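The report below walks through a single protein chain, from its overall dimensions to selected residues. Please keep the sequence and the model in view while reading.

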Amino acid sequence: MNEEAISGLIVLFGATGDLAQREILPALHQLYQRGLLSENFAVIGAARTELDNKQFQDLVREAVEAGENFEEFEEDFFHRCRYSTLDVTAVDDFSNLKARMREVIEEFQIDSEIVYFYSIAPQLYDDTTSNLNEAGVTDIEGNHRVMIEKPLGKDAETAEEYHELLQKVFADDQIYYVDHYSGMDFTQNVLATRYYNPIIEGLLNKDYVKNIQISLPETKAIGTRGKSYDDTGALLDMFQSHILQLLTLIGMELPEELTAEEIQTKKLELLEKIPNFTEEEVEEQVVRGQYGPDNEGKFKSYRQEEDVPVDSETETYIALEMAIDTPRWEGVPIYVRTGKSLVEGFNAIDVVLKTPDDIETNVPNRLSFGIRPEKGVSLVLNQKLPKNDYETMSTFIGPDYETIDTFYTASPYENLIADALIGDPTYFITFEQIKEQWRITDSIVEAWAELPVPDFPNYRANTFGPRASAELLAKNGDEWIHRHLRYL
């Protein structure tokens with residue numbers, strides 16, 4: 001273990017659930033295996049399922065093997081995984097959890113850092129938080145923090161309610177709101193590239209940028225998430241959190257220093273400059289879709305998915321044209337899109353650059369920030385064909401995979417859990433940002449309540465989405481950047 005290895009205790013509520021199994025437990029294993037968690041570390045899983053330590057460790061082993069970045073087991077990690085059966089409504093179970101925590105803290109000589117990860121449904125936050133306090137769990141000596149998954153609430157009002165109940169026990173600087181996209185290395189690279197490269201930062205304004213596109217299309221259908229997804233849809237699942245956070249990184253004013261306080265301040269300032277949508281703007285600038293079956297029989301209709309109502313009006317696709325009310329971005333359209341069961345799957349921010357009016361090119365000049373599967377910065381530029389006239393050809397530059405692939409790319413939860421243990425809030429979301437994100441999102445939801453629902457399904461699975469999405473950009477003379485083209 002290296003000298004910078006982190007000590008601490010993670011209490012994982014909902015430890016037998018889907019998020020814990022897919023993301024959190026594998027991330028903890030990888031952190032320990034990489035030497036970033038010290039010998040003075042342990043994790044206690046807590047859930048209603050009755051398990052002993054050995055049964056929980058076996059469950060953790062299965063999760064780790066199926067998880068991201070797994071190559072081989074770090075056997076000592078499993079010894080550090082303990083379990084406490086817990087019903088969040090039963091204060092006595094929290095007394096038992098407190099006793100288990102004291103045992104583990106003494107056994108592994110854990111000094112001060114205690115992080116509670118709420119991998120549970122939001123309706124359980126109140127009982128969980130109240131009983132942590134009533135049972136005296138938060139009286140254990142140490143620095144107590146809580147990690148909360150997105151989305152917080154279903155609108156601005158419920159988000160406020162959840163935040164207030166957390167504040168009954170935790171101070172604001174102890175509450176770490178998670179958006180896992182913010183924990184991705186190549187999401188963080190967007191701001192870093194701007195900061196380290198004045199030539200790049202100099203391009204990011206209305207004088208050089210034709211439009212900005214934030215794209216998070218997915219090839220997968222909703223799978224087994226039918227019940228939960230139908231309660232949210234693409235707008236709340238992706239736009240309210242991930243897309244708006246990505247927009248802050250490309251759109252905000254550059255901080256003087258890359259400190260948590262300055263970054264969070266600039267992100268909030270950007271969100272405050274995004275106007276609410278009027279009903280007319282939603283009708284003209286927001287496209288929603290729901291997938292039907294494809295022609296090849298690979299995908300069924302969304303309304304045929306498990307636990308989805310046959311008359312569901314939930315959107316599985318969203319595309320918007322937005323504006324940022326700042327001098328830097330005056331008149332620059334911001335296009336965002338995400339959806340399920342599409343023909344392409346990637347996460348990227350494409351900054352489409354202006355070209356002279358007399359130049360014809362099939363591939364627009366652009367600066368791109370690949371998040372996944374492409375990673376890093378790339379440029380598409382015009383140059384002269386090797387002929388006597390001045391016909392153009394497009395040149396693709398980057399990313400530098402020879403360098404990138406020599407480094408380990410951590411999962412977002414590895415980064416975020418490590419940050420929470422050391423008390424670094426840089427890549428978490430403040431509640432003030434969450435309120436602004438809900439303000440913007442709520443204005444769309446309110447307009448939808450007054451507008452007719454589209455005739456769903458309105459796009460075939462395994463396509464680029466609704467035709468109206470392409471038309472949204474075409475009216476401004478723009479086109480979506482698709483990754484099936486030669487140049488990524």
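## Basis and overall build

How many helices and strands does the chain have? The chain has 16 helices and 16 strands, where helices (H or I, at least four residues) and strands (E, at least two) are DSSP runs numbered from the N terminus. This is a predicted model, in which local features need pLDDT of at least 70 and side-chain atom pairs count only at pLDDT 80 or more, while totals for chains, interfaces and linings use all residues. Residues are numbered from 1 along each chain as its sequence is written, and side-chain values use heavy atoms, with hydrogens and water left out.

Along the principal axes, the C-alpha atoms fill a box of roughly 80 × 50 × 45 Å.

## Burial, contacts and charge

Of the 488 residues, 54% count as buried, a term that means under 20% relative accessible area, as against exposed at over 50% and partly exposed in between (1.4 Å probe, protein chains only). The chain exposes about 21,900 Å², of which carbon and sulfur atoms supply 46%; these areas come from the Shrake-Rupley method with a 1.4 Å probe, and for residues only the protein chains shown count as cover.

Among contacts (heavy atoms within 4.5 Å) with a separation of 6 or more, 77% come from residues 24 or more positions apart. The chain carries 43 positive and 91 negative charges, whose mean positions are 4 Å apart. Here Lys and Arg count as positive and Asp and Glu as negative, without His and the chain ends, and each charge is placed at NZ of Lys, CZ of Arg, CG of Asp or CD of Glu.

In helix 5 (residues 125–134), the buried residues are Tyr 125, Thr 128, Thr 129, Asn 131 and Leu 132. Their cover includes strand 1 (6–13), helix 4 (91–107), strand 4 (113–118), strand 5 (143–149) and helix 6 (156–167). Just after helix 5, Gly 136 takes a positive phi of about 80°.

His 144 lies in strand 5 and is counted as buried because its relative accessibility is 6%. Its side chain makes a polar contact of 2.8 Å with the side chain of Tyr 116, and the side chain of His 144 also reaches the backbone oxygen of Ile 140 at 2.6 Å. A polar contact is a pair of N or O atoms within 3.5 Å; within protein, one must be able to donate a hydrogen and the other to accept it, and residues adjacent in sequence count only if both atoms are side-chain atoms. Leaving aside residues up to four places away in sequence, His 144 touches Ile 114, Tyr 116, Val 137, Thr 138, Phe 170 and Gln 174.

Helix 14 (residues 412–422) is mostly covered, with ten of its eleven residues buried, among them Tyr 413, Glu 414 and Asp 419. Gly 423, which follows helix 14, has a positive phi near 75°.

Helix 15 (residues 431–448) contains Ala 447, and Glu 446 is found in helix 15 as well. Are these residues buried or exposed? Ala 447 counts as buried at 5% relative accessibility, whereas Glu 446 counts as exposed at 55%. Ala 447 touches Glu 279 and Val 282, not counting residues up to four places away in sequence. The C-alpha atoms of Glu 446 and Phe 277 are separated by 9.3 Å, although these residues are 169 residues apart along the chain.

Cis peptide bonds, each with omega of about -10°, join Lys 150 to Pro 151 and Phe 456 to Pro 457. Pro 151 lies in the loop between strand 5 and helix 6, and Pro 457 in the loop between helix 15 and strand 16 (459–460). Ser 341, a residue other than glycine, has a positive phi near 55°; Ser 341 is placed in the loop between strand 11 (334–339) and strand 12 (347–353), and counts as buried at 0% relative accessibility.

In the segment after helix 16 (467–474) lies Arg 483, which is buried with a relative accessible area of 13%. The side chains of Arg 483 and Asp 350 make a polar contact at 2.7 Å.
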